[in-house]
Amino acid sequence: MKKFIVFIILINTLSIFSQRDKMILPNGFGREIQFSNTFITPLFSVYLNKNKELYFEDKKLNFEQLGDTIFKYRNLIKPDLVISTIIQFYGDKNLSYRDVENVKDQLISASMLRFMYRTDNIEDVSKGFFVRLGKATYPKKDKPLTKNALKKIGIGKNSIDEVEDELYNFNFEKVKTLLKRFNYKEIYFIKNGKIKIGKEKFSSEEINKVFDLLKETEFVFLNTSPKTSYKDYLRNLILLSNLYKENKKRFALIEITNRLKQRMNKKNFILSK
């Protein structure tokens with residue numbers, strides 16, 4: 001009986017790695033991740049293949065199970081290491097970005113902050129693009145981190161964070177008041193990899209024109225069309241980030257998720273000036 005159980009576990013494990021190895025990750029356009037040699041960084045891995053099969057490490061899960069599962073494992077880590085824990089996400093490039101957004105929503109609900117899109121070669125741990133996770137419309141399973149806790153990992157809270165907080169708490173009248181202080185723009189990642197600002201549409205080859213329109217703003221609201229692919233989303237995000245980095249400017253971004261957009265539409269709330 002024991003041999004039979006071990007055999008089943010082995011078959012399941014091989015099946016998981018087979019699914020992982022068939023994944024084609026998106027292009028990272030030269031972005032790499034460097035880890036500290038002197039500081040311990042806990043890593044969790046989440047996989048989403050082209051068939052929308054979701055794995056946390058070697059466990060196959062439904063989307064709705066991911067947040068609770070991550071939260072359970074997060075609480076097993078030493079408290080002083082929790083805020084530095086990174087989720088590394090392996091997603092097939094041919095996914096819809098909406099599926100990736102659903103994963104991110106679950107992670108945010110588990111109070112995760114640090115997120116890494118793995119890119120290029122699945123075996124090369126240096127290839128990837130690091131972002132700070134934003135907000136989600138799901139209730140969090142834990143209390144928000146304090147400003148002091150955020151500072152310890154280099155994430156400061158500022159007035160732009162206040163806009164994001166109020167927006168995701170659906171305090172739209174407060175958001176209107178706050179936005180009067182800022183110079184901002186709203187952009188859209190739409191189908192076929194194009195970027196829309198106002199009435200103008202740009203291809204990824206025209207990313208410099210997009211940057212020229214954004215570079216004097218204090219932050220950007222990013223909307224993503226349901227028809228946007230994951231590879232197009234990440235390409236546009238990385239190329240824009242590269243230009244901000246080259247020009248020594250901060251790329252401040254507030255993402256408008258599908259769930260938030262639905263709530264905004266119900267309230268007839270728009271961000272455009």
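Student: What is the strand order in the open sheet of six strands?
Tutor: This is a predicted model. In it, the six strands are ordered β3-β2-β1-β4-β5-β6, and their pairing is mixed.

Student: Which are the edge strands there?
Tutor: They are β3, residues 59–61, and β6, residues 128–132. Each of the two pairs on one side only.

Student: And how much are neighbouring strands of this sheet turned against each other on average?
Tutor: By 25° on average, with direction ignored.

Student: Let's look at β4. In what sense do β1 and β4 pair?
Tutor: Strand β1, residues 43–48, pairs with β4 in the parallel sense, over six bridges. Within that pairing, Leu43 has Ile86 as its bridge partner in β4, and Ser45 has Gln88.

Student: What about β4 and β5?
Tutor: Those two pair in the parallel sense as well, over four bridges; β5 covers residues 114–118. Gln88 has Met116 as its bridge partner in β5.

Student: How many residues of β4 are buried?
Tutor: Six of its six residues, 86–91, are buried. Ile86, Gln88 and Tyr90 point one way from the strand, while Ile87, Phe89 and Gly91 point the other way.

Student: Why two directions?
Tutor: Because side chains in a regular strand alternate between the two faces of the sheet.

Student: Which helix makes a β-α-β unit with β4 and β5?
Tutor: Helix α4, residues 97–109, and the unit is right-handed.

Student: Which strands does α2 lie across?
Tutor: Helix α2, residues 63–74, lies across β1, β2, β3 and β4, and runs at about 5° to β2. Helix α9, residues 230–246, also packs on this sheet, where it touches β4, β5 and β6. The direction of α9 makes about 110° with that of β5.

Student: Now the other sheet. What is the order of its five strands?
Tutor: The order is β9-β8-β7-β10-β11, in an open sheet with mixed pairing. Its edge strands are β9, residues 200–202, and β11, residues 253–256.

Student: How do β10 and β11 run?
Tutor: They run parallel, joined by four bridges, with β10 covering residues 219–224. Leu222 stands opposite Glu255 in β11.

Student: Which strands does α8 touch?
Tutor: Helix α8, residues 207–214, packs on the sheet and touches β7, β8, β9 and β10. The direction of α8 makes about 30° with that of β8.

Conventions: Residues are numbered from 1 along each chain as its sequence is written. This is a predicted model: local features need pLDDT of at least 70, side-chain atom pairs count only at pLDDT 80 or more; totals for chains, interfaces and linings use all residues. Side-chain values use heavy atoms; hydrogens and water are left out. Two strands pair if DSSP finds at least two bridges between them. Contact means heavy atoms within 4.5 Å. Axes are lines fitted to C-alpha atoms, for helices over the stretch in contact, and angles run from 0 to 180 degrees between N-to-C directions. Buried means under 20% relative accessible area, exposed over 50%, partly exposed in between (1.4 Å probe, protein chains only). A crossover is right-handed if, with the strands pointing away from the viewer, the path from the first strand over the helix to the second runs clockwise.
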